[in-house]
Amino acid sequence: MSDLQRLDRRVWWLLGGALLLSLAITAWDHWGRWHTPRLEVRNFVMLWLYWAPRLAGLPLLVGLWLRWRIERGARRWRHPVYAALVLVGLWSSWIEPYWIRVRHTSLSGIPAEAQPLKLALVADIHWGLFFRDRQLDDLVNRLNAMDVDAVIVAGDWTHEPTQDLRAGFAPLARLRHPVWGVLGNHDVQAPGPDLTAPLREALTQHGVRLIEGQAVPWKGWELVGLDDQWGGRPQPQIERLWPGGLSNDSTRRLVVVHQPDTVALLPKGAAFLSMAGHTHGGQIWIPGFSPWFLRKTNSLQPWWNGLYGTRAGQLLVTPGVGTIGLPARLGVRPTIDRIDLVR
């Protein structure tokens with residue numbers, strides 16, 4: 001048996017053991033979660049995709065490196081190429097999803113009666129399959145370190161989480177800023193498990209104020225929250241909060257929604273600023289493909305990541321901090337948006 005054959009045998013045994021171990025850990029992790037009905041198998045596969053790279057990635061890289069050292073001939077070039085692809089996969093699953101950035105946006109010209117504000121906007125936490133307890137702790141620490149007046153959360157708090165929502169979201173009680181927010185489609189079964197009521201209770205117990213269908217006066221502004229467009233009924237709320245499509249307070253309104261498309265339902269000049277999430281900024285950005293995919297599956301409007309001018313007023317779409325579908329981000333770092341509203 002050649003050195004190359006012996007190496008291949010050892011690497012395959014090591015990879016096989018790592019993959020079997022990842023299946024066992026996945027089975028353990030899969031138990032005791034909320035699951036969208038009839039999607040338990042899908043969730044198992046997604047969890048396996050979370051655990052398998054963590055256990056098999058390094059052995060695979062080492063095997064490719066050793067093979068490149070031993071092998072000779074014209075086909076030797078393949079191993080650096082394969083290693084580069086593995087490194088991209090490991091970067092997108094091990095590094096980028098945890099590499100939170102703070103993006104600054106400053107908007108001037110606020111109404112005379114409104115106070116200047118500093119806000120931290122986050123969305124799509126998706127605590128559950130991929131976004132774990134340590135990440136939620138880290139997010140709270142990052143928010144506590146920021147000099148802001150409030151934290152705004154634009155929905156999708158969960159993604160197939162563990163059963164004890166109160167314990168899972170306990171880190172939110174440490175936030176030293178007021179927290180205002182709305183629920184997103186994954187929180188209200190669109191898609192998602194039937195956890196809307198216990199999630200509301202858990203968030204409220206930890207100091208989060210959910211404001212769907214409300215206009216809350218605060219520091220000379222009005223914070224307005226709207227239902228998720230897929231799992232709720234934002235249109236009746238819009239008709240009630242902007243009767244006849246008008247409001248004397250529209251220039252002082254800060255609107256919080258989950259989906260950017262909801263802003264397209266608002267009347268002209270409905271708000272000074274609307275804030276949304278939902279798109280993840282594409283999450284894995286592939287030029288040409290990602291915009292097409294977002295328009296087909298996620299958003300009718302081309303409002304995916306950043307500040308946009310709309311008929312209703314300015315809109316800031318945050319790419320969020322969590323992941324869904326694949327436990328990976330590539331070219332779209334998790335983001336806390338820091339918003340300064342100044343004169």
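A pocket, as the word is used in these legends, is an open set of grid points with protein on both sides within 12 Å along at least five of seven lines, and its lining residues have an atom within 4 Å of a point.

**Figure 1. The second largest pocket of the predicted model is lined by 16 residues.** Of these lining residues, Leu49, Pro53, Gly89, Leu90 and Ser93 lie nearest the centre of the pocket. Helix 2 and helix 3 (78–95) are the elements that give two or more residues to this lining. By class, the lining holds 12 nonpolar and 4 polar residues, with no charged residues. The space in this second largest pocket is about 270 Å³.

**Figure 2. The largest pocket holds about 580 Å³ of space.** Its lining consists of 25 residues, and Gln283, Phe293, Thr297, Asn298 and Ile324 are the ones that lie nearest its centre. Helix 2 (40–70) and helix 8 (289–297) each supply at least two lining residues. Helix 8 accounts for the largest share, with 5 residues. The lining of the largest pocket divides into 10 nonpolar, 13 polar and 2 charged residues.

Figure 3. Along its principal axes, the C-alpha trace spans about 85 × 40 × 35 Å. The chain has 343 residues, and buried residues make up 53% of them. Among contacts between residues at least 6 apart in sequence, 75% join residues at least 24 apart. The accessible surface of the chain comes to about 15,600 Å², and 61% of this surface belongs to carbon and sulfur atoms.

**Figure 4. The largest nonpolar core contains 31 residues.** Within this core, the residues that touch the most other members are Ile125, Leu139, Leu143, Trp157, Phe169, Leu172 and Leu203. Two or more core residues come from each of strand 2 (117–122), helix 4 (133–144), strand 4 (150–154), helix 6 (196–205) and strand 7 (208–210). Helix 4 gives the most to the core, namely 4 residues. Apart from this core lies another, of 25 residues, which includes Ala114, Ala154, Val182 and Phe272. In soluble globular proteins, nonpolar side chains tend to be buried together.

**Figure 5. The surroundings of Leu203 are shown as a close-up of the largest nonpolar core.** Which residues are in contact with Leu203 when its neighbours within four places in sequence are left aside? The contacts of Leu203 are Trp157, Phe169, Leu172, Leu183, Val208 and Leu210. Trp157, Phe169 and Leu172 are, like Leu203, among the residues that touch the most other members of the core.

**Figure 6. The second largest cavity has a volume of about 50 Å³.** Its lining is formed by Val122, Ile125, Leu139, Leu143, Val151, Val153, Trp157, Leu172, Leu175 and Val179. Helix 4 and strand 4 are the elements that give two or more residues to this lining. The lining comprises 10 nonpolar residues, with no polar and no charged ones. Ile125, Leu139, Leu143, Trp157 and Leu172 of the lining are also among the residues that touch the most other members of the largest nonpolar core.

**Figure 7. The largest cavity contains about 70 Å³ of space.** There are 2 cavities of 30 Å³ or more in the model. The residues that line the largest cavity are Tyr50, Arg54, Ser93, Pro97, Tyr98, Phe130, Phe131, Gln135, Val321, Gly322, Thr323 and Pro327. By class, its lining has 7 nonpolar, 4 polar and 1 charged residue. Ser93, one of the residues lining this cavity, is also among the residues nearest the centre of the second largest pocket.

**Figure 8. A cis peptide bond joins Ala190 to Pro191.** Omega of this bond is near -5°. Pro191 lies in the loop between strand 6 (179–182) and helix 6.

**Figure 9. His126 and His280 have positive phi values.** Phi of His126 is near 55°, and this residue lies in the loop between strand 2 and strand 3 (127–128). Phi of His280 is near 60°, and His280 is found in the loop between strand 11 (273–276) and helix 8. Are these two residues buried or exposed? His126 counts as buried because its relative accessibility is 0%, and His280 counts as buried because its relative accessibility is 4%; buried means under 20%.

Terms used:
Residues are numbered from 1 along each chain as its sequence is written. This is a predicted model: local features need pLDDT of at least 70, side-chain atom pairs count only at pLDDT 80 or more; totals for chains, interfaces and linings use all residues. Side-chain values use heavy atoms; hydrogens and water are left out. A nonpolar core is a set of buried Ala, Val, Leu, Ile, Met, Phe, Trp, Tyr and Cys residues joined through side-chain atoms within 4.5 Å. Buried means under 20% relative accessible area, exposed over 50%, partly exposed in between (1.4 Å probe, protein chains only). Contact means heavy atoms within 4.5 Å. On a 1 Å grid over the protein atoms alone, a cavity is a set of points where a 1.4 Å probe fits but cannot get out, and a pocket is an open set with protein on both sides within 12 Å along at least five of seven lines; lining residues have an atom within 4 Å of a point. Grid points are joined across faces, edges and corners, and a volume is the space filled by probe spheres set on the points. Ala, Val, Leu, Ile, Met, Phe, Trp, Tyr, Cys and Pro count as nonpolar, Asp, Glu, Lys and Arg as charged, and the others, Gly among them, as polar. Accessible areas come from the Shrake-Rupley method with a 1.4 Å probe; for residues, only the protein chains shown count as cover.
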